[in-house]
Amino acid sequence: MAVSASLCIARVSRPSFATLILACAFALGAPAPARADELAALINAYRASPTDCAGQVAAAAPLAAEPALAGIRIGPGTFLESALKRAGYSSDHAEAIFVTGPPDAPSAMQILREKYCGRLLSSEFSAVGTARQGNAWQVVLAHRYDIPVLLGQQPAGDEILALVNAARAEPRTCGTQAFAAARPLRWNDTLAETALGHSTELATHHYFSHVERNGSTPASRVTRTGYGWSRVGENIASGQRSAAEAVQSWLDSPGHCSNIMNPTFSEMGAAYAVNPDSDNRTAYWTQVFAHPR
């Protein structure tokens, strides 16, 4: 039997993280335990054995059933970001899908599979929450944003060092300046601690600068650690969600790229920090270069 349904979808992603839901003609009221969890189970069953989705047949990892997402109530004019914040759920990518009309979970799943199969199978999401009010169904798909503070070389430090040395291994043009291939950099724990200190300062006080509030510069911060240097450089970045994103953003910027390719540097350290009290949980990345005396 065919099911008549009206549909609506809203998305929210960082860095803008601001999608306003205006197109939905209904709102879910108080939580209703009308077997909405059955819909989440059906979504995971479909991810385990997908069919009829524009040729997409690869199975996807199951989504964690999150009570916080199931408890979100979204209506006309509601920001998905605000709803997630009220639920205490930190996400860097989320979508809400609405279906009105299906009388039960299998019927709602039929509509979702026909209209939104690509979203249901997307690897961008790690969690799901479903809710129902009468014949109105809500599905919230999200990816939890939980980036830890890094200290020392593991785990992102290894990746940054490898990516930087891979870049240095080949000739490269940074803006208008051409660089020959350079010898690989060595990891230095003291420089990594200096990088972590600066990233923590930026994350804690939410600003972006090579000069800290106390007036310290990259050179003075390295000197303060007791590292005897003949040359110092620093790259910083903000908002990237992985070491690969951070390094790529530096390589795309002529000045940062020049630091990476500079043959006079022989050592580096890197770190990122996140303020856990920040709503956006923005990562601040610092890379410190040096050559000892």
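**Entry 1: two helices in contact**

I began with the residues through which helix 5 and helix 8 touch: Ala 156, Glu 159, Ile 160, Leu 163, Val 164 and Ala 167 in helix 5 meet Ala 243, Ala 244, Val 247 and Leu 251 in helix 8. Sorted by class, this contact has nine nonpolar residues, one charged residue and no polar ones. I note that the model is a predicted one.

I next looked up the geometry of the pair. Two packed helices are described by the angle and the distance between their axes. Helix 5 covers residues 156-168 and helix 8 covers residues 243-251; their axes come within 9 Å and cross at roughly 35°. The crossing of helix 5 past helix 8 is right-handed.

**Entry 2: the nonpolar cores**

I then asked which residues have the most contacts inside the largest nonpolar core. They are Ile 160, Val 164, Leu 185, Trp 250, Ile 260, Met 268 and Trp 285, in a core of 27 residues. Helix 5, helix 8, helix 9 (254-261), strand 12 (267-274) and strand 13 (283-292) each give two or more residues to this core. Another core, of 22 residues, lies apart from it and includes Leu 39, Ala 40, Ala 108 and Leu 141.

I followed Val 164 in particular. Setting aside residues up to four places away in sequence, Val 164 touches Leu 185, Val 247, Ile 260, Met 268 and Gln 287.

**Entry 3: Cys 257**

I located Cys 257 in helix 9. Is Cys 257 buried or exposed? With a relative accessible area of 0%, Cys 257 is buried, because under 20% counts as buried.

I listed the contacts of Cys 257, leaving out its neighbours within four places in sequence: they are Arg 172, Cys 174, Trp 250 and Leu 251.

**Entry 4: the protein as a whole**

The protein has nine helices and 13 strands. Of its 293 residues, 48% count as buried. Among contacts with a separation of 6 or more, 73% join residues 24 or more positions apart. The protein exposes about 13,500 Å², of which carbon and sulfur atoms supply 53%.

Key. Residues are numbered from 1 along each chain as its sequence is written. This is a predicted model: local features need pLDDT of at least 70, side-chain atom pairs count only at pLDDT 80 or more; totals for chains, interfaces and linings use all residues. Side-chain values use heavy atoms; hydrogens and water are left out. Helices (H or I, at least four residues) and strands (E, at least two) are DSSP runs, numbered from the N terminus. Buried means under 20% relative accessible area, exposed over 50%, partly exposed in between (1.4 Å probe, protein chains only). Contact means heavy atoms within 4.5 Å. Accessible areas come from the Shrake-Rupley method with a 1.4 Å probe; for residues, only the protein chains shown count as cover. Axes are lines fitted to C-alpha atoms, for helices over the stretch in contact, and angles run from 0 to 180 degrees between N-to-C directions. A crossing is left-handed if the near helix is turned anticlockwise from the far one by less than a right angle, and right-handed if clockwise. Ala, Val, Leu, Ile, Met, Phe, Trp, Tyr, Cys and Pro count as nonpolar, Asp, Glu, Lys and Arg as charged, and the others, Gly among them, as polar. A nonpolar core is a set of buried Ala, Val, Leu, Ile, Met, Phe, Trp, Tyr and Cys residues joined through side-chain atoms within 4.5 Å.
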